[in-house]
Amino acid sequence: MSIAAQESADAARRIFESVYGAAPTGIWAAPGRVNVIGEHTDYNAGFVLPMGIDRYTAVAAAPRLDGVLRLVSSGGNTGVVEIALTSLAPGAQKDWTAYPAGVAWALGGAGALPAGFTGADLAYSSAVPVGSGLSSSAALECATGLALTGLAGQPISPAELARLTQLAENRYAGVPCGPLDQLSSAFAAADAVLHIDTRSFDIAVHPFALRDADLALLVMNTKVQHQHGESGYADRRATCERAAEALGVPALRDLAFGDLERAATVLDEVSLRRVRHVVTENERVNRFVSLLQLGPLEGPRLNSAGELLTASHLSLRDDFEVSCAELDTVVDAALRGGAHGARMTGGGFGGCAIALVSVDRLDRVTETVTDALPTAELFTVTADRGAFQVY
Ligand code: GAF
C-alpha cells in the first residue's frame, strides 16, 4: 500500500476515534484521478485514459443498530451530520453529505445492502483537493460504497461500485456526469493507466511507470472554479446528445473523422465544433494507447505523446470551449518551460491541468508555471491503486 493511502487512513482513524470515542471496525480508501487524455468523451460512449492518483479519500467506519448514518469529515465544516436511512431521498442534502448519502440510497435501492442494514458511523479524511477536477466526489463515493458493503458483509465488484456510485451522483446529487470518475476510482491500478471503452466498460490496463522513463506528471491546480462550470457541463452534454440524434447515431462515439463533412451539412457551427472535439479526442486516446503499447515513452514516441496531450487541450479550448484563462495560462507556461505536452484534465472551467515533464526539467517547468500563475498549486502524482479496504 502506498504511503499516501496509509496517511489518509490514519487520519480517518484519528477523526473517528476522537469524534465517536471508539475504534472503527474497518477503514476503506479510494483515490482521486487524473484523466491523462480523453475528455468529455465518456458521456458520448467514447474512450478515456485515466489513472488513479496517490491522493486518497479514506473512511473509517463502524456499524450502528438504529437506522442512522452519522458522517463527519476533516474538510466538511459541518460537524457530525445525522441522516436517518428512512429519510434518504434525492435532493435531501445540499452539501458534501449528499455524496455518501446518495451512495447509501443507490446501494439500498439496488439490493447491494441487505434489507436489514442498520446504519453506520463514518469519518472521512481526504487528500484529494475538492472541486479541482481530480474527482474528489468519486473518491468519496467509492470509499463510502466499499465501507457500507464491507460493514454489511456483502462484497461489491468494482464494476457494480462504479455503476452505483455514478447513479448516486447523477440521481441523488443531481450531477449529470458520465462514468469516467467512478470507473477510475474503482478500477485504478498502480503504475498503470486504464484504457476504458465507456460503451462496453471494457478496460485494458497499460503500464505507465513514469519514473522508470525519468518522466513526471505535474498537476497544476489553478484553484479557480468558474461559476458557470456546472451549467456549462450540462450544456455540452445536451449539445452532444442533440447532435448524435440529428446525425442518426446512438452516440457521437459512432462517428469517424470522415463523417465530419456530412455533419457540417446538418449541424450549426457550434455543434459541429463540439462534435469535432469528441471525434478527434477519441482518436487521440487510441493513438496515445498505441504509443504506450510500443514501449516506454522515450524519443520520438515521447514527443508524439506530448503532442497528443497538447492537441487535446487546444481542442478543448477552441472546439469544445471548456477551458478558461487560468488553465490556458498554466498549460502555455508548462510548454514554454519545456514540458513534452500539457492539457486541462477533468470537466474544465477551472480546476487542474497536467503536464508531462522530464524529471530533469521539472524545476524549470515549475518555475515558469509559478511565475505565470503564482496562485497555482503544483504537485506531481503517480498512478496508484483503486478503491480498497485498508484494514
Ligand atoms: C467530469 C465528469 F464527472 C466526467 O464524467 C467527465 O465527463 C469529465 O468531466 C470530462 O471528461 O469529471
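A: Happy to! Let's start with a crossing: helices α8 and α9 cross in a left-handed way, where left-handed means that the near helix is turned anticlockwise from the far one by less than a right angle. Before going further, please keep in mind that this is a predicted model, in which local features need pLDDT of at least 70, side-chain atom pairs count only at pLDDT 80 or more, and totals for chains, interfaces and linings use all residues. Residues are numbered from 1 along each chain as its sequence is written.

Helix α8 spans residues 269-293 and helix α9 residues 299-318, and the two pack at about 165° with axes 10 Å apart. Helices here are DSSP runs of H or I with at least four residues, strands are E runs of at least two, and both are numbered from the N terminus. The axes are lines fitted to C-alpha atoms, for helices over the stretch in contact, and angles run from 0 to 180 degrees between N-to-C directions. The angle makes α8 roughly antiparallel to α9; angles over 145 degrees count that way, under 35 as roughly parallel, 65 to 115 as roughly perpendicular and the rest as oblique.

On the α8 side, the residues that meet α9 include His277, Glu281, Arg284 and Phe288, while α9 brings Arg301, Leu308 and Ser312, among them. Two residues are in contact if their C-beta atoms, placed from the backbone, lie within 7 Å. By class, this contact has 6 nonpolar, 5 polar and 4 charged residues. Ala, Val, Leu, Ile, Met, Phe, Trp, Tyr, Cys and Pro count as nonpolar, Asp, Glu, Lys and Arg as charged, and the others, Gly among them, as polar.

Helix α8 also packs with α6 (residues 229-247), at an angle of about 90° and with the axes 10 Å apart. That makes α6 roughly perpendicular to α8. Here Arg236, Thr239, Cys240 and Ala243 of α6 touch Ser271, Arg274, Val275 and Val278 of α8, a contact with 4 nonpolar, 2 polar and 2 charged residues.

Now for the wider chain. An automatic or database assignment sets the domain bounds, giving domain 1 (3-204 + 384-389) and domain 2 (209-381). Their C-alpha centres lie 26 Å apart, and 26 residues of domain 1 are in contact with 34 residues of domain 2. On the domain 1 side, β1 (26-37) and β2 (47-63) each supply at least two of the touching residues, and β2 gives the largest share, 6 residues.
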